[in-house]
Amino acid sequence: MKPVMEAEEVKAALERALSAARSAGAEVARASISAGRRGYLRFAANTGTTSGEDEHRSLEISVSKGQRAATASTEDTSRAGVEKAAASAVEKMRQSPENPEYVPPAGPQHFTARPWAADEATAEM
């Protein structure tokens with residue numbers, strides 16, 4: 001079974017989001033992607049009646065400049081969708097009032113890469 005999004009696709013979408021936000025006027029930009037797959041089985045009268053599977057992916061981008069901050073999200077991880085979400089976040093940031101309690105996010109984080117984990121026999125069922 002293939003992952004919902006490959007690592008290269010995730011990295012490219014995040015880099016596009018950060019680049020688009022900074023070029024639209026954000027001083028600080030943070031982006032995250034959530035992607036997954038889930039299955040379901042509905043029972044009625046002691047038997048399975050409906051089953052299915054769905055995949056989801058969403059990108060969230062948070063931006064700030066000075067004491068102003070905003071966030072936008074999208075399920076469209078295409079180039080145009082990511083750029084539209086970044087522009088939306090920056091526009092919301094510009095319109096928001098200054099927040100005297102705003103604390104910027106922590107700096108860049110580095111995580112150890114890990115392979116996609118699944119039991120192949122189960123994934124092929």
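The legends below describe close-up views of a predicted model.

**View 1. The largest nonpolar core.** This core has 17 residues. Ala21, Leu59, Ile61, Val63 and Val90 make the most contacts inside the core. At least two core residues come from each of helix H1 (7-24), strand E2 (47-65), strand E3 (68-74) and helix H2 (79-95). The largest contribution, six residues, is from H2.

**View 2. Surroundings of Val90.** Leaving aside residues up to four places away in sequence, Val90 touches Ala21, Ala24, Gly25, Ala26 and Val63. Val90 and Ala21 are also among the core residues with the most contacts inside the core.

**View 3. Packing of H1 against H2.** The two helices, H1 and H2, pack with their axes 8 Å apart and at an angle of about 40°. H1 is therefore oblique to H2. Their crossing is right-handed. On the H1 side, the contact is made by Ala13, Arg16, Ala17, Ala20, Ala21 and Ala24; on the H2 side, by Arg79, Val82, Glu83, Ala86, Val90 and Arg94. Eight residues of this contact are nonpolar and four are charged, with no polar ones.

**View 4. Ala45 and Asn46 in the loop between E1 and E2.** Ala45 is in the loop that lies between strand E1 (28-44) and E2, and Asn46 lies in the loop between E1 and E2. Most residues other than glycine have a negative phi. Ala45, however, has a positive phi near 55°, and the phi of Asn46 is positive at about 60°. The relative accessible area of Ala45 is 78%, so Ala45 is exposed. Asn46 also counts as exposed, because its relative accessibility is 81%.

Notes: Residues are numbered from 1 along each chain as its sequence is written. This is a predicted model: local features need pLDDT of at least 70, side-chain atom pairs count only at pLDDT 80 or more; totals for chains, interfaces and linings use all residues. Side-chain values use heavy atoms; hydrogens and water are left out. A nonpolar core is a set of buried Ala, Val, Leu, Ile, Met, Phe, Trp, Tyr and Cys residues joined through side-chain atoms within 4.5 Å. Buried means under 20% relative accessible area, exposed over 50%, partly exposed in between (1.4 Å probe, protein chains only). Helices (H or I, at least four residues) and strands (E, at least two) are DSSP runs, numbered from the N terminus. Contact means heavy atoms within 4.5 Å. Axes are lines fitted to C-alpha atoms, for helices over the stretch in contact, and angles run from 0 to 180 degrees between N-to-C directions. Angles under 35 degrees count as roughly parallel, over 145 as roughly antiparallel, 65 to 115 as roughly perpendicular and the rest as oblique. A crossing is left-handed if the near helix is turned anticlockwise from the far one by less than a right angle, and right-handed if clockwise. Ala, Val, Leu, Ile, Met, Phe, Trp, Tyr, Cys and Pro count as nonpolar, Asp, Glu, Lys and Arg as charged, and the others, Gly among them, as polar.
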